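Reader: Hi! I am new to reading protein models, and I would like a close look at one part of this one. Could you walk me through the nonpolar patch on its surface and the part of the chain that carries it?

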Amino acid sequence: SGPGSKCEKTFTLVGFKDWKHATGKGGVLSKHDSSCVHRKSVISWNQYKINSERKTSISDRLGTCRSQQITQNRHYIKTLAEIILLCSHQEISLCGHIEDGLQ
């Protein structure tokens, strides 16, 4: 619904037929080339090409992130267990204790 929406519809929904007014400084192609929709599409296309060359997909990347999170969580739990074991061997309480005589 903005000023470039007609241009966007021409290239995305309707199709382009007016080749007489396609090129030039005020041509439809130069307007489309500078449109936000076109720039986002170019970025998406370049990212797709990179992923295709690396043979990675979004699900692969999410799986990698998930396994990294699992590894971090395991390390965290292992560290907590070691702290609890150390405290139990040293007979150190896990809850706080206030030594002001009120409790």
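Author: Happy to! Let us start with a term: a patch here is made of residues with over 30% relative accessible area and no salt bridge, and nonpolar side chains are joined into a patch when they lie within 5 Å. Please keep in mind that you are looking at a predicted model.

Now to the patch itself. Tyr76, Ile77, Leu80 and Ile83 together make a nonpolar surface patch of about 400 Å². Find Tyr76 to begin with: this residue lies in helix H4, which covers residues 58-89. Is Tyr76 buried or exposed? Its relative accessibility is 53%, and because exposed means over 50%, Tyr76 counts as exposed. An α-helix has 3.6 residues a turn, so residues three or four places apart point the same way.

H4 is built from 32 residues, and the distance from its first C-alpha to its last is 47 Å, close to the 46 Å expected at 1.5 Å a residue. Confidence in the protein is highest in H4, with a mean of 90, and lowest in helix H1 (residues 5-14), with a mean of 67. Over the whole protein, the average pLDDT is 80, and 84% of the residues score at least 70.

What comes after H4? Glu91 sits in the segment that follows this helix. Its phi is near 55 degrees, a positive value in a residue other than glycine. Most residues other than glycine have a negative phi. Glu91 is also exposed, as its relative accessible area is 74%.

You can compare this with helix H3, residues 36-54. Its 19 residues should span 27 Å at 1.5 Å a residue, and the end C-alpha atoms are 27 Å apart, so the two values agree. Just after H3, Lys55 takes a positive phi of about 55 degrees.

The structure holds 0 disulfides.

The protein has 4 helices and 0 strands, and its elements run α-α-α-α from the N terminus on. Of its 103 residues, 10% count as buried. The protein exposes about 9400 Å², and carbon and sulfur atoms supply 59% of that area. Tyr76, Ile77, Leu80 and Ile83 make their nonpolar patch on this surface.

Notes
Residues are numbered from 1 along each chain as its sequence is written. Side-chain values use heavy atoms; hydrogens and water are left out. Patches are made of residues with over 30% relative accessible area and no salt bridge: like charges are joined within 9 Å, nonpolar side chains (Val, Leu, Ile, Met, Phe, Trp, Tyr) within 5 Å. Accessible areas come from the Shrake-Rupley method with a 1.4 Å probe; for residues, only the protein chains shown count as cover. A salt bridge is a side-chain nitrogen of Lys or Arg within 4 Å of a carboxyl oxygen of Asp or Glu. Helices (H or I, at least four residues) and strands (E, at least two) are DSSP runs, numbered from the N terminus. Buried means under 20% relative accessible area, exposed over 50%, partly exposed in between (1.4 Å probe, protein chains only). The expected span of a helix is 1.5 Å times one less than its number of residues. A disulfide is a pair of cysteine sulfur atoms within 2.5 Å. pLDDT is the predictor's confidence in each residue, from 0 to 100.
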